Amino acid sequence: MSDQVLLFLNAAVAIVGIVASITWLKFPPVFALLLGTLYLGVTTKLGFEGTPEAVTDGFADVMGDIGVLVTFGVILGALLTVTNTMQRLVEAMLRLFGERSVPYVFAAALSSLFSSIYSDVLLVLSAPLARRLGPRMGDRGLALMGGALTAGIEVGLVFVAPGVAAVAIAGILDVPLGQMFLLGLAVGLPTALLTMFAFKLLLPVMGWDTKLDEIDVDDSFDTNDTAEHDPNHAANDARPAGTGGGTVTATTSKPAVRELNLFVSITPVLLTLALIAGGALAQVVGWDADFITFITDPVVAIFVGAGLAFILASRVRQRAEISIAISSALTSCGPILVLSGISGSLGFVIEGSGLADVLGTAFRSDFLPPLLLVWLVAAILHIALGSISVAGITAAGILAPIAGTLGVPVVLVALAAGSGALFLPHVSSNFFWMFQSLLGFSTRGTFKTHSGAMTLASVISLPIILGLSAIL
């Protein structure tokens, strides 16, 4: 047996072992990924001596890129939930654009402005408002709102920095965060809106039946006071398939009556995104002044935004409430950081084992565009693993050693991985069941709304990314 065939077989055993460990043996993803990474290292030319070094170097490399970004991104999201910024902004947009545009407003706002808030937290905050507004749009109104929520939340998660998965994938593939934000927004926002347009057209074809697709829900969970729900409960995608969780706890604390001016409360998000985008534009036009480079660095930008959010929250909320929110955010971002770091280890082991050359040859096939192959890898991983973040991050770890050799900008490789990771969510996802219970759908209705809208988003985003590859 040739060395190349043996290498490929060992890689297949490692990947299949990771999938089987998570789905069948119910190992936590971090255990399964590290076990597969170690197996691949010791069975290839890295051996027992080189594998530990590759694992630690890969982990350190990724953590150096994304550790601060993810940490302060989730803190920023937690502080936005404390001040009820998301719900107030959505309600203001609804008053401005009218009820007919409700699904589009939800999809646009959730995918672009609130990507730093963990996906399950964002669902908890937005579901009560969606349930109140859905019946106003007719028999299929709740289904439309379900599609809008899932499209907005998950599209923002994988495409738009500082979405946790977007930042993690960008860090593993060494994509500048400014590029990831600008191009991610260019892909994510149209994807969310087009997904809603297509979903609205297809919903009658799906045969939506309120008697079969909707169920009664516990109205005690539907409250205008969103701060009654723990805004920083660990996210579905930070706690992927096989890790358990997914319940939402309630606290007894009430937010202060006083509220910030809406524009003021959204300023930390706008400032963070403006600085990150400004850094990307400064690189394009050649502005290299030290201060501009410093203030637009993503680490500084997201720290400035989180710091401003803390100052503003302190004006209208008790310091103890803010401290609890930040502590919960720091706890909940741990799993995604470790998962990203081990995916970086997998990438280093793939490179050190020689498998990168084999993968590079496969992905430069004349039969399919490389970005389509990237999409397929992430889609297959998502179907197998059941978690968008795990699928996208694992795909990025596998592709990192060859991303720069595919003949397309690496940022598009990152976006293609995110696009594939959206494909066909199903019953192995914690978010699937949270979505069902919070929106009041049957399992059949959840497949039509959550699974249907996400699959549409995955398929719609792919040609947008392929179109960008023809331009860039």
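Where is the place of F59? F59 sits in helix α3, which covers residues 47–82. Helices here are DSSP runs of H or I with at least four residues, strands are runs of E with at least two, and both are numbered from the N terminus.

This is a predicted model, in which local features need pLDDT of at least 70, side-chain atom pairs count only at pLDDT 80 or more, and totals for chains, interfaces and linings use all residues. Residues are numbered from 1 along each chain as its sequence is written, and side-chain values use heavy atoms, with hydrogens and water left out.

**Surroundings of F59**

F59 counts as partly exposed because its relative accessibility is 29%. The cut-offs are under 20% relative accessible area for buried, over 50% for exposed, and partly exposed in between, with a 1.4 Å probe and protein chains only. Beyond its neighbours within four places in sequence, F59 is in contact with V338, G341, I342, G344 and S345. Contact means heavy atoms within 4.5 Å. S343 is 284 residues from F59 along the chain, yet their C-alpha atoms are separated by 7.6 Å.

**The chain as a whole**

The chain has 21 helices and 0 strands. It holds 472 residues, and 59% of them count as buried. Take the contacts in the chain with a separation of 6 or more: residues 24 or more positions apart account for 81% of them. The accessible surface comes to about 18300 Å², and carbon and sulfur atoms own 67% of that. Such areas come from the Shrake-Rupley method with a 1.4 Å probe; for residues, only the protein chains shown count as cover.

**Aromatic pairs**

Rings of Phe, Tyr and Trp (its six-membered ring) pair if their centres lie within 6.5 Å; planes under 30 degrees apart count as stacked, over 60 as edge-to-face and the rest as tilted. The count comes to 7 aromatic pairs. Two of the edge-to-face pairs are tabulated.

| Pair | Centre to centre | Angle between planes |
|---|---|---|
| W375 and F423 | 5.4 Å | 65 degrees |
| F432 and W433 | 4.9 Å | 75 degrees |

W375 lies in helix α17 (residues 370–385) and F423 in the loop between α19 (410–421) and α20 (430–439), so this pair ties together parts 48 residues apart in sequence. W375 is buried, at 9% relative accessibility.

How do the partners in the other pair compare? F432 is buried, with a relative accessible area of 0%. W433 is partly exposed, at 34% relative accessibility.

One aromatic cluster is formed by W208, F431, F435 and F441.
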